[in-house]
Structure formats: structure tokens, C-alpha cells
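Please look at the sequence and the structure before reading on.

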Amino acid sequence: MQLLKSLSVGAGLALLPTLALAQDAPAPTFDEVGPYIMTTLLFLVGGFLVFWMAAGFAMLEAGLVRSKNVTTQLTKNIALFAIASIMYWLVGYNLMYPGDGWIIAGWMGGFSATSLEPVGLAAADATLDYASVASDFFFQLMFCATTASIVSGTLAERIKLWPFLIFVVVLTGLIYPIEASWQWGGGWLSEIGFSDFAGSTLVHAAGGFAALAGVVILGPRIGKYNKEGRVIPMPGSNLALATLGTFILWLGWFGFNGGSQLAAGTVGDITDVGRIFANTNMAASAGAVAALVLTQILYKKVDLTMVLNGALAGLVSITAGPLDPTLFGALWIGAVGGVIVVFAVPMLDKLKIDDVVGAIPVHLLAGFWGTMVVPVYTADTSFVTQFIGFAAIGAFVFFVSLVVWIILKGVMGIRVSEESEINGLDMSELGMEAYPEFAKG
Amino acid sequence: MQLLKSLSVGAGLALLPTLALAQDAPAPTFDEVGPYIMTTLLFLVGGFLVFWMAAGFAMLEAGLVRSKNVTTQLTKNIALFAIASIMYWLVGYNLMYPGDGWIIAGWMGGFSATSLEPVGLAAADATLDYASVASDFFFQLMFCATTASIVSGTLAERIKLWPFLIFVVVLTGLIYPIEASWQWGGGWLSEIGFSDFAGSTLVHAAGGFAALAGVVILGPRIGKYNKEGRVIPMPGSNLALATLGTFILWLGWFGFNGGSQLAAGTVGDITDVGRIFANTNMAASAGAVAALVLTQILYKKVDLTMVLNGALAGLVSITAGPLDPTLFGALWIGAVGGVIVVFAVPMLDKLKIDDVVGAIPVHLLAGFWGTMVVPVYTADTSFVTQFIGFAAIGAFVFFVSLVVWIILKGVMGIRVSEESEINGLDMSELGMEAYPEFAKG
Amino acid sequence: MQLLKSLSVGAGLALLPTLALAQDAPAPTFDEVGPYIMTTLLFLVGGFLVFWMAAGFAMLEAGLVRSKNVTTQLTKNIALFAIASIMYWLVGYNLMYPGDGWIIAGWMGGFSATSLEPVGLAAADATLDYASVASDFFFQLMFCATTASIVSGTLAERIKLWPFLIFVVVLTGLIYPIEASWQWGGGWLSEIGFSDFAGSTLVHAAGGFAALAGVVILGPRIGKYNKEGRVIPMPGSNLALATLGTFILWLGWFGFNGGSQLAAGTVGDITDVGRIFANTNMAASAGAVAALVLTQILYKKVDLTMVLNGALAGLVSITAGPLDPTLFGALWIGAVGGVIVVFAVPMLDKLKIDDVVGAIPVHLLAGFWGTMVVPVYTADTSFVTQFIGFAAIGAFVFFVSLVVWIILKGVMGIRVSEESEINGLDMSELGMEAYPEFAKG
């Protein structure tokens, strides 16, 4: 019965390629194609885990804004992901991986939409020492979307929906792919020896710089800093959601860092993926514990949002080099990330940079730390080159973002009216409350 | 130390099969069994992702009903999944895949419970060109449960718990397995050339038709349509949960469509799975963006619930043929799905079909669209055959469901009392509030 | 273009090991290393699924406590996981798997931190018949953390944060690794033939016994049992979160039980993993249905929290032997688990054991049931040996935990003040509400 089942179910789709292959050439043995299959699988599993991070950002941010802005924050998060998917297909992927199609060698790729390989690809036509294009596109797309997710949290509670989404179009279609091509596309940064395994700089700090440019133009929320210079707390409306979001991000990060090994078909590669998983988990744990202990010492009370951001900062910190450190290395690298967050959040407030969810401390500052610490464990890297890479990408993303934000501000305005902000963006921008039945305390 | 560990830990269970095998026959090389292992793994990973969709439906529906009905909606969702698991084992799986055991050839299989292969299966006894029975059962079961999940949303806020659960028994034990056997079990629809890769019709439209039959018998919620014919909005109580549910469903859909390749052990197959992942993600993104833009144009305000349903409609639309389209194909197919939802939701309200979560537009109408568009990209399919398949399954599911609902209505009643409905099903049906401490606004 | 891409992207990291390998010895064929790669992959996928259970416990417990204690419960859950990660690295892993480094043979291992294999491990240096150390560490760590997660629910709403976290240090660094070494580390219990496939006793009952010891010292919440001996219901604040948590745990359990096969590189092993997935799902479903039907019969109303705990009890019940039973076996084993919970929850209340989330019925009692039922399906096991194993681990964990709790109580106190408890731990312990804007009803 089972044989019959395997012949009847899906036979038209699943078996035809194999048959077609058999006529063209002797079918390759599994031995020859195993590594290709494993690496493709790594990208698919890694990719769906990083996809899941989009939900993590959505929950984290929905939990950390006030209830009157939750619907808007949710809308931004699902919309930005959808836009990133389309832009990365339309121009991003080929701009980021130009191969030999650079417009400006090592600095800017070419413009074309992504094509996948044909259905039922023959082994003879496959890049057997890598993976399927579709799986690579799927995996890389998720990194592009992550960069955009980082921006939405910082600018929450006062930015208009559509200017934000237009910024996402530019960020995911141009800014991220271009700066990422400098390193992962084989551009000038990779040639001078910069090292950023899974994107502490390319993804996280880049997202942080785009957010920083936005917040500089946008300004703080009404009432956040009063006339005496005091910081008025605006606590998040749902810490259960924020915690869920952090757990989701932590889970997704195994795909983010582990998949960045870009290979899973040899003993060395799959063992390295395991090493990356263990180190990633350790850095997150150490960041959380560091924030836990430090807030107890500093404030005499543990601060859950700091613990959550501490875990995330640990994750960002290890992302530039999750493979080479020992577990103890991952521990202290992640712990320093957690410490950075605890000190940076009030520091930003002193500068009147109103970052609603703490994305700049977590992604930009811990991203800097993670990038700079790489040479401690990774051979053939240098602090100077690491700094050059971070500074170059930071400057590029910051200034291009700044220009885009300024243009958007001039053309359509990026900030809701004072009345809208006070009443909440959900009613003014969307006319739809997230929790319509729950009375406000 | 590691060797010792590998011998001591689990040795009794993990190593015995290998040893037993070695005595019977020369152990097969990994080369020979690799494809079987990979396809089994595809079913296990795909299966747990589709399992996760049950949580997605639960969160989506809990977020879209009013707070007085949340506990009931949660109870229905976890209970229906549990019932589906049991019914699919008891009769569903063998009814759906009769092999040569049809009772009415091509139309109805036989009745027997599912047996798995023995522990420590020898390679010589395995269907090496497919996958393990257990993994196939696990994967297919999740599709059966999904069909039932679709029904619960439409009928929310006024149906009694137990009649609903009895309907689930019939749906998951008989209705779904029989109609699905027509195609995936090798029945008459597969013989005339119908094509439904992962179930736009077999799962999604089928669930939608069962829901439609129910809502026709059940009628709209009290107060939904007033005497002047106006539609009274009844906003969902928790849009954060609804968004979470949508992200969960999106994630699970990679398993739903990707696993439906039913093979992962060749270059062609794993590359196709990657292609399916990329297309599935694109269709969801396009559906979301289409609903985003269209609600802005039509209503001057973006509607988050439409964006969520747009993404889901994009997913349903691509499900009948996620492999063959190009990424651009997936984009426009998904976008049309999103457009369908935006227009169909108010249309259903005009017909006084009160579908609480929009399951009929998303699953039935986008399922129709997805099924009919298959011939554009898939060779050897025709619009006529696609229509025949959709109509046959729709008619069968609708009328059998209608009969079951009518019987349930006659025997035990399917609708709670007016007082219960107004007070909420949570107090009347279960005596347990979902959010007992949060005051109603 | 793709070839270029594969050479440029990550070439420095991913390809070097292969090249280095090639110079030392003839590279092994994929055929030789496939099983190692598959089992390593099983641990990584299984491990991230079990990691996800930490989020499941956090959501379940946050949903079942009152809103004034939610932030504290979330903090405990993320902190305990982070602490477990560090302690299991520092001493736990090597204490649990001593190899030939026992301090007291079969009873207690040695103390040392975990080291991973070098980056880019050569196949010649790998334990090819098992998996990578890093992946094994990652997977096993998650079980240690799970044990701690179980404790936090029982003691909710009145225990101080720091004494709880200090207990977690001892539990995850010493208590769990030592008792688990008796069986999975090849200690005395494994030698007498005890059988606990994935940890009904080693993980779940152990967590339950640690919780029981805590609750005995801690006492019930204020007002839970009034002077007339009546039990005052204290309903959970968010059943949507509790349901989400249950779905997360159910999903994670596929990794928990499936990964415990500890091998995935042969037909027999991967088929067994599939069998475990199917049985695990069946037991959960049967536990849920049993609680559904039983609460309807006993109380005339279905109790959602019982259905959730019924599913979890079904999962715990099958965990000691998820491989050998038939699907029907998994059904009745899981169903009995669900029945146990429905009867045990009120029974515990009669004993004035105030277990906030029902962790003792679910993990300890269903764990006992699951352990004792193993001999029905698993050869070479006996009821006597199963009982000895359960009793030995139970006694050890209970009494050591009791001593630790008593010391903590004497040194720093483990219970918040009466005023703090009444006002809620979130304000008194953390100064941070989980839902600051939602008025209390």
C-alpha cells in the first residue's frame, strides 16, 4: 500500500524531475549531491527561523509601546516585512550579490529582479558545492527584512505610517543591499579583510543607524522629556508580549547565526553550526544575566525590559563572530553586551534620543561591540579593519537614511499631529484599537 | 569521553536496530538510504510547522472575537486539533489513502485504523523511494486538522461547544478524508488531471465550504445586522494576538507547501522545496501589500485585519500551485488573493453571511482563485478540470456538511440561547473568562 | 554568478576547513559522514524546539497567574533559562556525562566546564557514530532548563525572585545533572535496567519533586484556603497566553521526545523518530480529549485550563517511552495522564498544596504514570525497576531540594511580605507592571 501511495501522491510533481534527469545523464549518487541538499536544507530551516524573528520584533514592539499605538506598530511590522520581500526580489538580491555584474566595482552592484532556477533542476546544472538559489534567496531575504524591523521600534508612537513604509522601500531595496554587498557580495570590505559572520554591523548596526537618522529628524515623543530635563517613563503596555517577542527573537537567532555558516554538508561545517548554536545561546544567556544582576545592583530592583534587551544585546554581540569563541568567550562577549544596554539606555535619554524600545543600544551599540571584539578570537582580523568596516557602513547608512528622512519630511511630513500623538496613532492613523474592550487605567 | 557517551546514552534504543540489521543482511550504505531519510525529515519538519498552524488559528481567532468569547474559542481550537488527531488515526488516514483497498473505486476508501511500521525498521522493509509511514501519517494528519481549524473561526461567538466538536469528528474522520482521497489518495480527480499541489481546494476551500454550510444553518450573531440593513462592527478584542496568529500561520505555511513536495532527497526535489518556500513567502507578502494599499485607497485608512487576511489569502492562493510560478507569478497570484479578501468581506456582509474572522473570503474564495490560476503556470492542467475539481469537492463538502449541521440542529441544537450569546459564551458555556481581571471599556 | 557567490560569501569561514582537511587525508565521502551529519542536525533542530519550550512555560505561567504577578513570572522564566545555560556549561554537562571521570562510580561525576570541539573539525577527529559535542551539549542543556521551568509555576505569586534564582543555580548545576547522570550518563540506574527514554522521571518528575519541596516550605498563597477549609479560586489573568504556552510546549515536545532517539542517520532511526512524533502527538491529543470529556461529566462544564493541563499530562506520560507503544498505546497512556490531572488538581488542594499552575499533577504524577507504564510496551523493563528509578530520583531530588529551600529560607527568606503578596509581586519585587494601562475589574 505504501508503494502505491508514493506513486499516486504527488507523483506528477515529485517524481517527474527524477525521471527527466535519468534520461539526460546517469543520475548522480546521493554521495555526490548530499552536501548540496544539506546546505539547501540549512538555508530553508535557517530562513524560516529568521522569518520568525519578524514576529518577534512585532511582539516585542507591540508590548513596549502604549496600548493606544499597538495596532499601528503591528501594522508597520507586518507591512515592512511584506515590502522587504518584494523589494529584495525586485532589486535587493542581485544588487547585494552582483557576481561579476558590478556597476561600480566592489561598491555597487547592478539592478535586476531575482530569477530562481527551473523546476526540477538537474544535478548537472546545480552549484553542487553550495546550495539552491531559491533557498539562498529565501535565507538572505530574511536578513534584509530584519534590518527594517529594527528601525520600526525606535520611531514608534509618533511616526506616520506611510512615510515609514516608503523609507522601508528604500532601505530594503537600496541601502541594505548596497552596504551588505561591500562584504557579503564580495565587495571592497571583504577584500580588505573585514569580518562580520552573521551581521552585527551589516544587519544590526545598519538597522540601528537607519533608526538613529530617523529619530534625529523625528524628535522625541511629546512629554518624554519635560522642561526640567527629567525623563518621563512611558511604560510598555504588555510585558508578556514583549517577553514572547524576545523568546521568538532568541529562537530565530539560531537560524540567523547558524545558517550563516552557509554550509552543512561536511563534518566540519555541521559541527561548526552546532558550535554556533551553543555560542549564540550562551551569549544571549550571559547578556540576560548581566542585565539582571546589574539592574539589581544599580536600581535595587530587577528591570524586566532591561533583561530582555540584555539577552538581545548578547545576541547582537555574538553575531559578528559566533563561530570562533569558546563558550567562555561567548559568555563574556554576551555579558558585556548586556552591560552596554543597561548603561546606554539612560545615556540616550540624556541626549534626548527617544528610542522607544531600546533598539539603538541593542542593535547599534552592541553591534559595535560585537564587531570590534572579533579579532580576539578570529585569526586574520584586525581592530583597525573592523573599525573601518563599522564606520564605513555606519556613515553610509546614517547619511543616506538622513537624506531620505529629510526628503520625506519635506515632501509629506513624517510626524503625526500633536493631537493624533496624544490620542494615539491607532485612532488617528488607522481608526482601529488593538484592545478596544479593555478600559485604560 | 564522547565515544563512551555515545555508547552509554540511549544505546539500548538507538544502536540496537543497527546491530539487528547487520545480522540479517549487509547494511545498506547511506548513499542508498539518504533520500528516504531526507524525505522523512521533510515530513517531520514540515509536519511540526503545520502543527504550529493550529496555534496560529487559535491566536488569530482568539484575537478577532470579543473578549467574552475568547475562552470558548481557545477551547474549540485545541479540542478540534486533538479530535482530528484521533479521528485521522481511527479512520481518516486509511480512508484517504486506500491504496488498493477502495470500497467504491476512486470515490471512497476503506475503514481501518492506522498502523505504523515496527520499531527499528530494517532498510530492506522500507519504501526507500518515499518516506516512513509514521512521518507521512504525522504530516498528513496536520492537513486534516487544518481543515477543521478553518471552520471554527466563521462560526464563532454563537455556536455551542459540543455540536461544533461533533461536527469536527465527522469532518476529520469522514468528510475531509473522503474528498481528499479523490485527489491525493489517487482517486477519480487525480485521474482526470486535477491539480492541487498543497490543498487550496482540498484543505482550504473544503474548510471554507464546511464553514459556509454551518453559517447558513446557524445564522448571524445577534445585532450584527440591524433592521435598517446596516452592518454593526464587532471589533476583535486583541489585535496583537490576531497578528501573532497570522505570523504563526505564515511560518507554518512553509511546511504546508514545502512539505507537499513529498520528496527532498534529490537535487531537483530539494531545489523545488526552496522554490516553494520563496514563492509562498512572496504570495503572502503580495497579499498583505495589496490589502494595505487597497484599504488605504478605498477607506483612506489602512485596515490591519484586512492586511492580516490579505497575507493569509495570498498564502491560500499560492497553495494550489506553489512550485511552478516564477516569483513574479507568485506576486500577482498572491496580490489578487489580497484584493479578493478586501472586496469579499463586505460582500459577505451584504449577503448577511456573518463570518466572524473572514475565513470564507480567505479560504474558500482565495482557494477558488488559487485553484483556477494553476493552469497559467502548470503544464498539463486545464481550467475546466480545475473547475470540475473545485466544484465537485465544494458540492460534496457543502452538502454533506449541511446535512450534518441540520441533524445536529435538530437533535441537540447548535446555537446558544440569546441570553448566553449576549453575556458571552465564556460565562454561559464554560464559566471561565479569558481575561477576568481586565475591566470592559 | 552563483559559483562566484558561493566562493565569495563566507568562503573564509566555510570552505577553509574543507581545504585544510583535504591536505591532511583523503576527504571522507558523504556516505561515511552522512549519519553523523543527520544526528547532529537532529540535535540542533530538536534543541531549538526544546528551547522553545522555555517560551511555552513562560506564556503558560504568565497566563495562569494573576495580572499583578505577571512581570515577576516572566522575569523568573527568562532568568532561569539564562542561568541554566551558564550552570550547565560550568558544571552540569560534564557532571551528567562523566564518561570515565566519575568521582563516585555510577553516582556522581566530576566537575569541569564544557569544551567544544575545535572549529572546522576534521572527520577523522569526529565521533562518526554519534554527533558533534556542541550539538549534544546544546540539546542536553535544554532538558536541564526544562527541569527548572517546571519549578517556577508551582511557586508563583509568593516566592521572592532571588531565592528562587539561587535555587535554580543549584538545581541546574548540581541536582539535575547528578540524578540524570544515574541514567543518561551511564550510572547505576541505567545498569539495573531502568528505562526513561526522554525523561518522564529524569526531567518532569524531577522538576515536580523540586517544586513539591519548595511548596512544602513556602506554603500556600494568602487566601487560597479559607478558615472553613474551602478552596478559593484564583483564576489566571490571560487564558489566551496560557493556551499559546500549551501549544508552544506541544510543539517543543516533538524535539524533546524525537531528539531523544539520539540518532537519525539510518532507516531504522529516522523511522523511529517519525514514530515518536506520531505517538507524542497522539498522547497529547488523548490527554486533552480525556480532560475535555471528564470535566464536562464531572462539572457539567468544560474547563479549558484542565484541557491544557490534560494535553501536557498526556505529553509527560508518553515521554518515558514514546517509541515502543502503538498509536493506540499512546492514546490510552496519554488519556490516563489527562484523567490523572483532572483528579489530582482538586486532591492537591485538599492537601493544601497550592500549586499555582498544576505543575505537580502534570509533571510529577503524570511522570510517575508514564514511567510505570513503560514495561507494557518496552521489552527488558520491569515495574520494579521502574519504581526503583522513580523513587530513587524522587527521593534524591525532593530531599536535596528541601534542604536547599530550608537553607534559603533561613538565610534570606523565600517568601515576600504579606503586604507585597497582596499588592502583587510586580510592584513590590520589580516595580513594574505587566499591563499598566488595563484597569482591574
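What pLDDT does chain A average?

## Confidence in the model

Chain A averages a pLDDT of 93, where pLDDT is the predictor's confidence in each residue, from 0 to 100. In chain A, 94% of the residues score at least 70. Over residues 1–22 of chain A, pLDDT stays under 50. For this stretch the model has 42 contacts beyond four places in sequence, a contact being heavy atoms within 4.5 Å. The model scores ipTM 0.94 and pTM 0.95.

This is a predicted model, in which local features need pLDDT of at least 70 and side-chain atom pairs count only at pLDDT 80 or more, while totals for chains, interfaces and linings use all residues. Residues are numbered from 1 along each chain as its sequence is written, chains are lettered from A and ligands numbered from 1 in the order in which they are written, and side-chain values use heavy atoms, with hydrogens and water left out.

## How the copies are related

Two copies of a chain are related by a rotation about an axis and a shift along it. Chain A can be laid on chain B by a turn of 120° and a shift of 0.0 Å along the axis, with an RMSD of 0.0 Å. The two copies are thus related as by a three-fold rotation axis. Here 14% of the contact residues of chain A recur in chain B, and the copies use different surfaces.

Chain A can also be laid on chain C, with a turn of 120°, a shift of 0.0 Å along the axis and an RMSD of 0.0 Å. Copies are superposed by least squares on the C-alpha atoms of residues with pLDDT of at least 70 in both. Only 13% of the interface residues of chain A are also interface residues in chain C, so these copies meet through different surfaces.

## Chain A against chain C

The contact takes 84 residues from chain A and 80 residues from chain C. About 6500 Å² is buried between chain A and chain C, and carbon and sulfur atoms give 78% of this area. Buried area is the accessible area (1.4 Å probe) that two parts lose on being put together, summed over both.

How many salt bridges does the rule find across the interface of chain A and chain C? The rule finds 0, a salt bridge being a side-chain nitrogen of Lys or Arg within 4 Å of a carboxyl oxygen of Asp or Glu. Across this interface 13 residue pairs are in polar contact (both at pLDDT 80 or more). A polar contact is a pair of N or O atoms within 3.5 Å; within protein, one must be able to donate a hydrogen and the other to accept it, and residues adjacent in sequence count only if both atoms are side-chain atoms. Helix 11 of chain A gives the most to the side of chain A that touches chain C, with 20 residues. Helices here are DSSP runs (H or I, at least four residues), numbered from the N terminus.

## Chain A against chain B

In this pairing, 79 residues of chain A are in contact with 85 residues of chain B. The buried area is about 6400 Å², with carbon and sulfur atoms giving 78%.

Between chain A and chain B the count is 0 salt bridges. There are 13 residue pairs in polar contact (both at pLDDT 80 or more). Helix 4 of chain A supplies the largest share of the side that touches chain B, 16 residues.

Conventions. Helices (H or I, at least four residues) and strands (E, at least two) are DSSP runs, numbered from the N terminus.
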